[in-house]
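Here is a short report on one protein model. Please look over the sequence and structure first.

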Amino acid sequence: MRNDRLTELNQGLKKIVGKKNLLIGEKATKSYRQGIRVGEGKANCVVLPKDLIEFWEVLKLCISLDKIIIIQAANTGLTGGSTPDGDKYDRDVVIINTLRLDRIIILNNGLQVLAFPGATLFELEETLSNYNREPHSLIGSSCIGASIVGGICNNSGGNLVNRGPAYTELSLFARVNSKGKLELINHLDIELGNTPEEILSNLENINFNQHDLQESKMKASDIEYSERIRDVKSSLPARYNSDRRRLYESSGCAGKVAVFAARLDTFVKPRKEQVFLIGTNDSKNFSELRNYVLTSFEDLPEMVEYMHKSFFDAASKYGKDTFLIIKYLGRGFIPKLFGIKKKIEVFFSSLNLDASNFVDNFLHDHAQLLPDHLPKIAREYRRLFDHILIIKAGDKCIEETREMLSFLESKNKEFDYHECLKVEGQDLLLHRYVAGIAPKRFMIINNNIPANLLPLDVALPRNCTDWDRIITDNNSTGILESFRMGHFLCMVFHWDLILSNTEDFDEQKKVILAKLDSLGAKYPAEHNVGHLYFAEYDLSNFYKKIDPTNSFNSGIGKLSKNKFYS
């Protein structure tokens, strides 16, 4: 019976999307079944719909045949939350990749946008540049090619402190109700019709007045965040994935519903911007700076990004090729590169050859032959200091930042700052951006080292002052490397640990998480729980409420993979 249903599924999907856009077999689906850092499992097939109607038809067929659905876009999550996890599922798994659904519709002359599920942050940034507006986050702070809707589904925080984590109460999504029926729910506050086909067709063809929409009473961004972050005495983190204040339908759903479109606020782009580079060997100086900014500044900086020397060096070595590609070929080339990489891997797999790391090794090796890509001042600061801070300030905040840094430098010999030239600032921000790829690339290039990667995405309490002493290379004999960086004003840190696989990985992870628990930290901060973490009480209840039959992304948060969570 199950094989008959698989045949019915595959034939039905082929009719909907065509043979070319239905991938079947371990070799053809491998890159979609593996997480960018962790996670891998089995799936019956991968489906690549070309429009919203095809997406809906695929969902209808899969639900009618009682399949588990995993929806992914760029598959850039750090916790394996957009891939299968092993093969212990009670139903067949179908992956729907939405990257072809990459449309962005401008609303009210740029004040808001409608993003389809495959549209990326750098595409949104490019689109909004014509309106002198910006998105909630720029090009993804810890992963390349991040999708807009993926950020909404995972409470992604981004690095822009004035705009808060990705959040909206306005979305168009499909869910399976407790009776097993698929429903399309239009909460965009845009009149698009009654039936699913009518709604999706009208949206796809923009059959509504996109530049004269009535203002919605529902939120399209986290408008309270810039005030919440200023409470530096709070023992609670400023933002984290399981915060029930920010769990609403598609927001925080982690793929437990199928999102067709999300309506989001945009933000005014500053007229002037200035990047500052700050260095110190005493982390307490940065804590003092943070408290001063959050309690005294009239306007907060656009970004305040921390890099420990470990991540600075890792990004320099393992992110060099990505840096050069983006700088000289543009960010738009990155999706093309991913496409080329997948085609190469599929081709070699058809010859029974493993080429999963061929492109990474080729790019890394050849980049090392090229001249140094970083500004001289960045190298000088790295030579002198263990701790680096990058501040991007806009408009009135520029002078506030300049005065503060001058004062701190005058009273402290262990503190120095540099006001960057435009090209220096651009290169520093790009260096910070490509750092996200470094841990995974480290594992690929050093695959002879017996090690495991533990990516920690941690939100510390807002009153935390010993943030630099929580995770160090000396925490455990099993930590071979620890790469550390973070969104500093938010107290959200990315600690990527390379753990020796001669030690018990689960036990090492348990010890580290227990320490974080004792400090009142929350994790993950801006990526979903995936298959690495247990979903907390509020989060697991939210998942079960929006997906009562456990039809979508079964097993995340260490919940049951079985139907109805049995």
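## Angle between two helices

Angles under 35 degrees count as roughly parallel, over 145 as roughly antiparallel, 65 to 115 as roughly perpendicular, and the rest as oblique. Helices (H or I, at least four residues) and strands (E, at least two) are DSSP runs numbered from the N terminus. The model is predicted: local features need pLDDT of at least 70, side-chain atom pairs count only at pLDDT 80 or more, and totals for chains, interfaces and linings use all residues. Residues are numbered from 1 along each chain as its sequence is written, and side-chain values use heavy atoms, with hydrogens and water left out.

Take helix α12 (residues 358-367) and helix α16 (residues 438-445). Their axes come within 10 Å and cross at roughly 100°. The two helices are therefore roughly perpendicular to each other. Axes here are lines fitted to C-alpha atoms, for helices over the stretch in contact, with angles from 0 to 180 degrees between N-to-C directions.

Which residues of α12 meet α16? They are Asp360, Asn361 and His364, facing Arg441, Ile444 and Ile445 of α16. Contact means heavy atoms within 4.5 Å. By class, the contact residues are two nonpolar, two polar and two charged. Ala, Val, Leu, Ile, Met, Phe, Trp, Tyr, Cys and Pro count as nonpolar; Asp, Glu, Lys and Arg as charged; the others, Gly among them, as polar.

## Overall build

The protein has 18 helices and 18 strands. Its radius of gyration is 23 Å, close to the 24 Å that the globule rule gives for 566 residues, so the protein is as compact as a globular protein of that length. The radius is taken over C-alpha atoms, and the rule is 2.2 Å times the number of residues to the power 0.38. Along the principal axes, the C-alpha atoms fill a box of roughly 75 × 60 × 45 Å.

## Cavities

The whole structure holds three cavities of 30 Å³ or more. A cavity is a set of points on a 1 Å grid over the protein atoms alone where a 1.4 Å probe fits but cannot get out; lining residues have an atom within 4 Å of a point. Points are joined across faces, edges and corners, and a volume is the space filled by probe spheres set on them.

The second largest cavity has about 90 Å³ of space. Of its 13 lining residues, His136, Tyr167, Ala220, Leu264 and Asp265 are the closest to its centre. The lining has 10 nonpolar, two polar and one charged residues.

## Backbone details

A cis peptide bond joins Tyr523 and Pro524, with omega about -5°. Pro524 sits in the loop between α17 (505-518) and α18 (537-546).

Notes
1 Å grid on protein atoms, 1.4 Å probe; cavity = no way out; pocket = protein on both sides within 12 Å on 5 of 7 lines; lining within 4 Å.
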